[in-house]
Amino acid sequence: QVQLVESGGGEVQPGGSLRLSCAIRGRPFSVGAMGWYRQAPGKQRELVAVIHKTGPTNYADSVKGRFTISRDNAENTVYLQMDSLKAEDTAVYFCYANGMIDQGRPFGDWGQGTQVTVSS
């Protein structure tokens, strides 16, 4: 089995920065896409950014130019650098990863979520 462990959330003023990390615990056979989603109170969970194993990325329009997703394949870790934060970025951020536990078993798992609050 694998477990996704997030860190790096917190409270910041508008215009500030935060960096989220998410590490896969366990020893998966392979890891495919890794990404970040967020869910604000009363809203559905939405995709923030995704990075594929070989590097291509996709971002939500609302974060393009402000957020940067990256990954360390050797450490099975994904990062989200968030700059120029706005109040509307306030949400619980969840990381997601998929891949293969072994050659016969796929996985797709979520982290526990980390709160990001942007407030003056």
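User: Which residues of strand E11 are on its covered face, and which are on the uncovered one?

Analyst: Strand E11 spans residues 114–118, with Thr 114, Val 116 and Val 118 on the covered face. Gln 115 and Thr 117 make up the uncovered face. In a regular strand, side chains alternate between the two faces of the sheet. A strand (E) here is a DSSP run of at least two residues, while a helix (H or I) needs at least four, and both are numbered from the N terminus.

User: What kind of model is this, and how are residues numbered?

Analyst: This is a predicted model, in which local features need pLDDT of at least 70 and side-chain atom pairs count only at pLDDT 80 or more, while totals for chains, interfaces and linings use all residues. Residues are numbered from 1 along each chain as its sequence is written, and side-chain values use heavy atoms, leaving out hydrogens and water.

User: Back to E11. Which way does strand E2 run beside it, parallel or antiparallel?

Analyst: Strand E2 (residues 10–12) runs parallel to E11, and 3 bridges join them. Two strands count as paired if DSSP finds at least two bridges between them. Val 12 stands opposite Val 118 in E11.

User: And how many bridges hold E9 to E11?

Analyst: E9 and E11 are paired over 3 bridges, in the antiparallel sense. Ala 91 has Val 116 of E11 as its bridge partner.

User: What is the order of strands in the open sheet?

Analyst: The open sheet has 4 strands in the order E1-E3-E8-E7, and their pairing is antiparallel. Strand E1 (3–7) and E7 are the edge strands, since each pairs on one side only.

User: Which residues face each other between E1 and E3?

Analyst: The antiparallel pairing of E1 with strand E3 (residues 18–25) has 5 bridges. Gln 3 has Arg 25 of E3 as its bridge partner, and Leu 4 stands opposite Ile 24 in E3.

User: What about E3 and E8, how many bridges there?

Analyst: E3 pairs with E8 over 6 bridges, again in the antiparallel sense.

User: Why is E3 described as largely enclosed?

Analyst: Of the 8 residues of E3, 6 are buried, so the rest of the structure largely encloses this strand. Buried means under 20% relative accessible area, exposed means over 50%, and partly exposed lies in between, using a 1.4 Å probe and protein chains only.

User: New topic. How many salt bridges are there in the whole structure?

Analyst: A search of the whole structure finds 5 salt bridges. A salt bridge is a side-chain nitrogen of Lys or Arg within 4 Å of a carboxyl oxygen of Asp or Glu.

User: What does Lys 64 meet?

Analyst: The side chain of Lys 64 meets that of Asp 61 in a salt bridge of 3.1 Å, N to O. Asp 61 is exposed, with a relative accessible area of 65%.

User: Where in the chain are Asp 89 and Arg 66?

Analyst: These two residues form a salt bridge, the closest N and O atoms of Asp 89 and Arg 66 being 2.7 Å apart. The pair links distant parts of the chain, 23 residues apart. Asp 89 is in the loop between strand E8 (77–82) and strand E9 (91–102), and Arg 66 is in the loop between strand E6 (57–59) and strand E7 (67–72). Asp 89 counts as buried at 0% relative accessibility, and Arg 66 counts as buried at 11%.

User: Which residues are linked in a network of salt bridges?

Analyst: The network of salt bridges links Arg 38, Glu 46, Arg 66 and Asp 89.

User: Last one. What separates the C-alpha atoms of Ile 101 and Gln 1?

Analyst: Their C-alpha atoms are separated by 6.7 Å, although Ile 101 and Gln 1 are 100 residues apart along the chain. Ile 101 lies in strand E9 and counts as buried, at 15% relative accessibility.
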